[in-house]
Amino acid sequence: MRTQSSAIAPTGIAVSGRTGHSFGTLQAALGVAAFSLTFPATAWGLEGFGPWSLVAVRSLLAALIAGSCLLALRVPLPARRHWPGLAVVAAGVVIGFPLLTTLALQTSTTAHAAVVVGLLPLTTALFSALRVGTRPSRTFWTAALAGAAAVVAFTVQQSGGALSTADLYLFAALLVCAAGYTEGGRLARVMPGWQVIGWALVLCLPIGVPAAVVALSYEPVQLTWHGVTGLLWVAAGSQFLGMVVWYRGMAAIGIPKASQLQLAQPLLTLVWSVLLLGEHLTVAAPLTAAAVLVCIAVTQRARG
């Protein structure tokens, strides 16, 4: 059994104390970096695929990668008591969030979507408090709420105060993703993080295969460089590899603290949206970045 003073590195070597916490933080940060490319990659993917096709094929490819790893390493099936939690991860992270955000990105810019989804850390912390029973300190909640307020202010400033259908999709995506993150972080305490997302992806195969066949038959496909690259990244990078290090990080440093690292995700996505998509970055972005980074520093130092 792992204690609070130790963590397990990918090599299987136990690390303890401050080293283990730092390594967990690094893994969670790598997950955030991978996720920050999801929206730009999705926008690229939509250049060659329809929204339903993109989500279905994304899930299918990620499941094939995960299933191959599970088979190659001869990983035994999870205990029966873990399957309900894996189903929540599958519904929220594998199906719900990708589908809702992809539908939103048909009419929303990646920059706008990124700042709305910037509320995910606070939502995840709330779900964690309800599901796992974590009780972060008052300082933690104050900094988390301040970071969320900065994100909301940026969102309102960008959208002119009006909510669109895309915003409703994005707010729904926040709820299902936070539930999936919380349940995945809880399961990652009793099984390796890569197995959590791996089994969740495999669990979706009975849905993903027919969904991909039907979607591809109804939606036109144009194989462009952007389209294929975007699809491959959201399948391998965002859906599998990013989730592996993210869940490992959550297990090592706790769900609330890991979730606050995601406050940096919308700002990273803004950078990618400019570099990869040529979207316009407003003056408000650097101000929001400074506020959010201060909040991250405070939440990481606050004792839960």
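Two rings of Phe, Tyr or Trp (for Trp, its six-membered ring) make an aromatic pair if their centres lie within 6.5 Å; planes under 30 degrees apart are called stacked, those over 60 edge-to-face, and the rest tilted. What you see is a predicted model, in which local features need pLDDT of at least 70 and side-chain atom pairs count only at pLDDT 80 or more, while totals for chains, interfaces and linings use all residues. Residues are numbered from 1 along each chain as its sequence is written, and side-chain values use heavy atoms, leaving out hydrogens and water.

**Stop one: the rings**

Select Phe35, Tyr181 and Trp246, which form one aromatic cluster. Within this group, Tyr181 and Trp246 make a tilted pair, with 5.4 Å centre to centre and 55° between the planes. Tyr181 sits in helix H8 (residues 165-187) and Trp246 in helix H11, 65 residues apart; helices here are DSSP runs of H or I with at least four residues, numbered from the N terminus. Tyr181 is buried at 3% relative accessibility, and Trp246 is buried at 0%. Buried means under 20% relative accessible area, exposed over 50%, and partly exposed in between, using a 1.4 Å probe and protein chains only.

**Stop two: the core**

Which residues touch the most other members of the largest nonpolar core? They are Tyr181, Ile197, Trp246 and Tyr247, in a core of 71 residues. Such a core is a set of buried Ala, Val, Leu, Ile, Met, Phe, Trp, Tyr and Cys residues joined through side-chain atoms within 4.5 Å. Another core lies apart from it, with 6 residues including Phe49 and Leu231.

**Stop three: the cavities**

On a 1 Å grid over the protein atoms alone, a cavity is a set of points where a 1.4 Å probe fits but cannot get out, and lining residues have an atom within 4 Å of a point. Grid points are joined across faces, edges and corners, and the volume is the space filled by probe spheres set on the points.

The largest cavity has a volume of about 110 Å³. Select its lining, which includes Phe35, Phe39, Arg58, Tyr181 and Gln262. Helices H2 (38-45), H4 (83-104) and H11 (225-253) each give two or more residues to this lining.

Finish at the second largest cavity, of about 50 Å³. Phe39, Val117, Gln262 and Gln265 are among the residues lining this second cavity, and H13 gives the most, with 3 residues.

Methods
1 Å grid on protein atoms, 1.4 Å probe; cavity = no way out; pocket = protein on both sides within 12 Å on 5 of 7 lines; lining within 4 Å.
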